[in-house]
Amino acid sequence: MPLLGGVRPPIAALLCALLAVAVFPTLGVGAVHEQEVPQAVRDAERRIAEDAADSFKTSVDVRARAVRHSAASVRAPASGTPKATLRSLLPTGPPVRGGVLLAPHTGKPLAAGGETVPLAGVDAAALARSPAANLPPRLVTSGRAGPRLLFFARVAVPAPDRNPDGKPDQAREPAGEQGDGAREFLLVVSEKVAALAVHGDGRTAQLVGRNGKVLATTAATGKPLTLDAKDRTLPSAAADAGLHTGDASGSMLGDGHDGLRRVAGWASVAAMDGKDDTFGPGLTILTLRDVTPAKGGADHTGFAIVAAGALVVIAVLVTLVLWVTVQRPLLRLHLSAARLAKGAGEMPGVRAELARPVAAGPFGEPGRVGRALESIRRQLLGQTEPEPVRPVRRRPGVRALVLTCTLVIAAWGVPLLFLLNRVPAAQAVPAAAVADQQARTEATADRVRQSLGQSHADLAATASAIAGAPRERAAQVLRREHADHPTYRSLYVLDHTGAIVLRAGKEPLRTLVRPTGDGITQVNTSGKIPAIAAYVRIPTAKNTKNADKGGDTASAVVVAEIGVDALNDLVARPGLGRVWLTDEHHRVLAASVGFQAFQSLPSRALTRLVARTDAAPGGAGSPASAVLHAGTAPGAGPSVAAAVPLAQTGPAAGLGWRVVSAEPAAALKLAAYQVQSRTMLAGLLALAAGGACLSWLHIVVVRPLRTLTRCAERLADGDRRTVLYPVHHDECGSVTRSLELLRQALVERDRGGGRAYVASVPAPSFQRGSAP
């Protein structure tokens, strides 16, 4: 009967698995090479470009919403001329350069103000006839004054007064625009492209058009970087990458000069917007920075070859030891036991098979089984009586051998897993990566500050809109503003006694005590949910009659409670790690990961870093960044952390909030950590492969062999009553079956007065289970 499984598959699998693991250090660890500019620095520059593109897109959306809100809130007189109507509609402020009022259907300019609005290349008639309620802004580069952003808003003007004869006043209404009811015009506002938001010493940001032309340049500090003849191709390369590769962002390397290497990151502005094609494809944000290239990087090829060679030697050595001490002796036992069983069952020539002695191995359980078989053979020949064959002192067996092989493999894997190729975080993380973490944290703080500032500005516009308005009108304005601002959890009005007289949205978490002036405040310092509110005093109503009618908004304050979920979304940035928004006492108000309200930061090292940003008396505080060796979570490794004050000016300046971020150093694409992770993986694979194969060998060979040894020794000692049942179709099962035949032969010999053979005695079949 053929053998199934047995001792050979686990040993062969162990050899193959260890040889396969030995290839990994050579291909994995040896393939890692130090780069002049680490991939972590290039990825960080790409993320910084994404942050700048997102900030630019957000600022444009805010300006577009402000223009539409201004056009909707200003009531143009029906009796005014188009020029007077434009003056009442045109927003005021430094960003606005000019405006034009277009006639519906035709797109014909009716009035213009400020600088000439560059409408060349813009289909004004199609825009005027478009049924879309909100037209997306456009970037125009054809004007002489430079690139301009065009914002559009539809304006509803009451119908003109009629003459006593009932006809429209032709002097007040342009030809072709007569009709009953309100007239709808298209307002176009031209603004200069705002400066790009970029952070980090020595970094420059550029707005690049689809043709590779630089439209705007901004430097974080000092003068913008100059592009030499070779680096001038970077803007066009970034524009081409966004147009032809389909990628949303990427990084590039420029030429080296003065011992520095220029690294560039780019991000498509259109890709930052998932709802519309505001700017169309090709508009790109390009960020540039000079970094110090890494020199003298370590070569890990020698280590990989030595480690792989050592594991090959261990694999061959362990396999030979197992083959010599376990596999070959067990196969010999299988053949010897089968020969004895055959000789014991034959009538003629019985001594032909029993005459040859059984060669007992010198080691462990196979040797003990061999000595037991030799004793049984001699008993069948009548040469001896049953006698103990177990040695007085037990020697190490196969189980100890398998354990030794496991320790030998562990001697190779454990140092790789815990000791080798470990680099201190302060040396592994370059200064450029730490600076980039701080720059991205500053960008996140700026993002939160702008959102809070915009919420406060919109709330001020809401306060102006409900000043002196009747209660019904004020309630309608509150409901509209709450629907237009997803960040508002609740919007309500407090009267002079501090009671809520109007409300839109959810019930406030904690009602704000009626304040004076306006600003942003933290309402509570404990509880399950942080309560953050912006508040603006409603200006004194000009129409005292309406104020007396309403009575609710006179000398009142409008409050917007900002939801913590909106703040969580603001601080969550890809590739920045864990981010927290803390109050002045360093307690968490919002985070990109799960948190409990007002909990402390997860590590003391992080708290000490945040304390470094605290302002001196009369100061505003400054950013701080460092490599933290203690990590930011129990059991975590070193991390790159940064802390930035939220705002030094504006409505959020007095809060004392901080934005804190921490990215595990092992998550950065640095050669030192790549070598460390691959070294650990090689050690883990060796331990897993060796442990799995040797456990397999222990289950299918060692344990059955130990049971077989006890059965063989009991049979040799004279136990004739215990029936032996083979369980598996392998070497141990074959020897067990032969021992059962030998037991029956010994029983027949004892009954027949010394007959040394077994007359037809049926052999037990293979079955799973144990003896009854």
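Is Phe598 buried or exposed? I looked this up before anything else. Phe598 counts as buried because its relative accessibility is 11%, and buried means under 20% relative accessible area, exposed over 50%, and partly exposed in between, with a 1.4 Å probe and protein chains only. I then noted that Phe598 is in the loop between β17 (588-591) and α16 (604-611). Its phi is near 65 degrees, a positive value in a residue other than glycine.

**Ground rules**

I am working with a predicted model, in which local features need pLDDT of at least 70, side-chain atom pairs count only at pLDDT 80 or more, and totals for chains, interfaces and linings use all residues. Residues are numbered from 1 along each chain as its sequence is written, and side-chain values use heavy atoms, with hydrogens and water left out.

**Whole chain**

I read off 18 helices and 20 strands; both are DSSP runs numbered from the N terminus, helices being H or I with at least four residues and strands E with at least two. The chain has 772 residues, and 49% of them are buried. It exposes about 35,700 Å², of which carbon and sulfur atoms supply 55%; the areas come from the Shrake-Rupley method with a 1.4 Å probe. I also looked up contacts, meaning heavy atoms within 4.5 Å. Of the contacts with a separation of 6 or more, 66% are between residues 24 or more positions apart.

**Cores**

In soluble globular proteins, nonpolar side chains tend to be buried together. A nonpolar core is a set of buried Ala, Val, Leu, Ile, Met, Phe, Trp, Tyr and Cys residues joined through side-chain atoms within 4.5 Å. The largest one here has 55 residues, and Leu322, Leu373 and Leu739 touch the most other members. Helices that each supply at least two residues of this core include α1 (8-29), α7 (301-345) and α10 (398-418). The most comes from α17, with 14 residues. Leaving out residues up to four places away in sequence, I listed the contacts of Leu322 as Ile11, Leu14, Gln327, Leu401, Cys405, Leu694 and Leu697. A second, separate core has 43 residues, among them Val493, Leu589, Ala590 and Leu655.

**A helix pair**

How do α9 and α18 pack? Their axes are 10 Å apart, at an angle of about 25 degrees; axes are lines fitted to C-alpha atoms, for helices over the stretch in contact, and angles run from 0 to 180 degrees between N-to-C directions. α9 is therefore roughly parallel to α18, a label for angles under 35 degrees. On the α9 side I noted Val369 and Leu373 among the contact residues, and on the α18 side Val735 and Leu739 are among them.

**Single residues**

Phe185 is in strand β5 (residues 183-192). With 5% relative accessibility, Phe185 counts as buried. Phe185 touches, among others, Leu101, Pro104, Ala153 and Val157, not counting residues up to four places away in sequence. I also checked Phe185 against Ala128: they are 57 residues apart in sequence, yet 7.8 Å apart in space, C-alpha to C-alpha.

Ser70 is in helix α2 (residues 39-73). Its relative accessible area is 18%, so Ser70 is buried. Not counting residues up to four places away in sequence, Ser70 touches Leu89 and Pro91.

My last entry is Asn421, in the loop between α10 and α11 (425-428). Asn421 is not a glycine, but has a positive phi of about 55 degrees.

Conventions: Angles under 35 degrees count as roughly parallel, over 145 as roughly antiparallel, 65 to 115 as roughly perpendicular and the rest as oblique.
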